[in-house]
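Trainee: Please take a close look at a single part of this structure, any link between sulfur atoms, and take me through it step by step.

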Amino acid sequence: MNSSLAPVDIAAAAINSVSVLVCLLAVILVFALKLHKKVVYRLSLYQVLSSLFFATVETLQIIFVNYRENPESHIYGQACIFFGWLDMYTRWMKLLFTTWVTFHLFCFGVLRKNLDKLEIFYVVTSVFVPAVIAVVPLTTHTYKPSPFYAYCFIYSSNDSHQIELIESLVLWDVPAMVILLAASVAMVTMLGTIAKLLCRKSKYEPLIAGDHFWKVLRHLLPLAAFPILFFICVIPSLIVHIYSMVTTSSNKALEATYLLFISMWSMASGVTLIVHLSVARCLTRKVNIALSQSQNKRSFISRHHYS
């Protein structure tokens, strides 16, 4: 391994360390505000907890800087395999929670179906399915250290490039790209549908009518940022990884781009939830103000009407 990208290793570890702190802050806020009792915030919480696990794994991968000096070390070799499995597992856990959040939002915002009863299904599939997927490279011994930086995942070698290429494409790159693209399209479609519905209503009607759909949607809508931000963070890394695997060209700049973009994935999750909480609280205040003004206006009209 080449140590020339040590600054990139440090930068990635720093980003992931900050991501851990941001995700912890988001989790603390949810519990401090006692919002974990609501399904919408539990969906956000699952997303951020999976991001917290992923960022922790990515941060700890910095230990493989020493692997450059001890490439034949049995301990580092076994640790690399373990971290490769953890990396794949936490990636898929995040991806599935993103998928279910998108599905939940789309069904409610476009189809007007409340699927809160599927919460357990979301959790079970997101926790156990990734474990099965992550086992496959273990059976073929394709979790290996990166040729350039402190990182363990599925990487090519001259003797088994075909197997590693297929596993990388089938187990992560292509599914992740398709799911995130579909999720982003679904969110854009949902936002367009909601915008049309808003245009058909008067300025304050959605806020003061007390319609359950609008009250719930007000809390759900900020979650649309999850798949969109993840698309922005993950797609560049997927393109770089696919290019590197298909062409078998080891390019330091591409590898650095891959590492840094994938490192921002968890931070986006924590920031999204914190912004979500802020937006929801601001909207709640506006709704309360609108309701108060409406009630005062109706009371004023009522008094003058009967006087």
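Mentor: A residue is called buried when its relative accessible area is under 20%, exposed when it is over 50%, and partly exposed in between, using a 1.4 Å probe and protein chains only. The model is predicted, so local features need pLDDT of at least 70 and side-chain atom pairs count only at pLDDT 80 or more, while totals for chains, interfaces and linings use all residues. Residues are numbered from 1 along each chain as its sequence is written, and side-chain values use heavy atoms, without hydrogens and water.

Now the link itself. A disulfide is a covalent bond between the sulfur atoms of two cysteines; here it is counted when a pair of cysteine sulfur atoms lies within 2.5 Å. That rule gives 1 disulfide. Its partners are Cys 80 and Cys 152, with sulfur atoms 2.0 Å apart. Their link is left-handed, with -120° about the S-S bond. Cys 80 sits in helix α3 (residues 74-109) and Cys 152 in strand β2 (residues 152-154), so the bond ties together parts 72 residues apart in sequence. Helices (H or I, at least four residues) and strands (E, at least two) are DSSP runs, numbered from the N terminus.

Next, the surroundings of the pair. Cys 80 has a relative accessible area of 1%, so it is buried. Cys 152 is buried as well, because its value is 0%.
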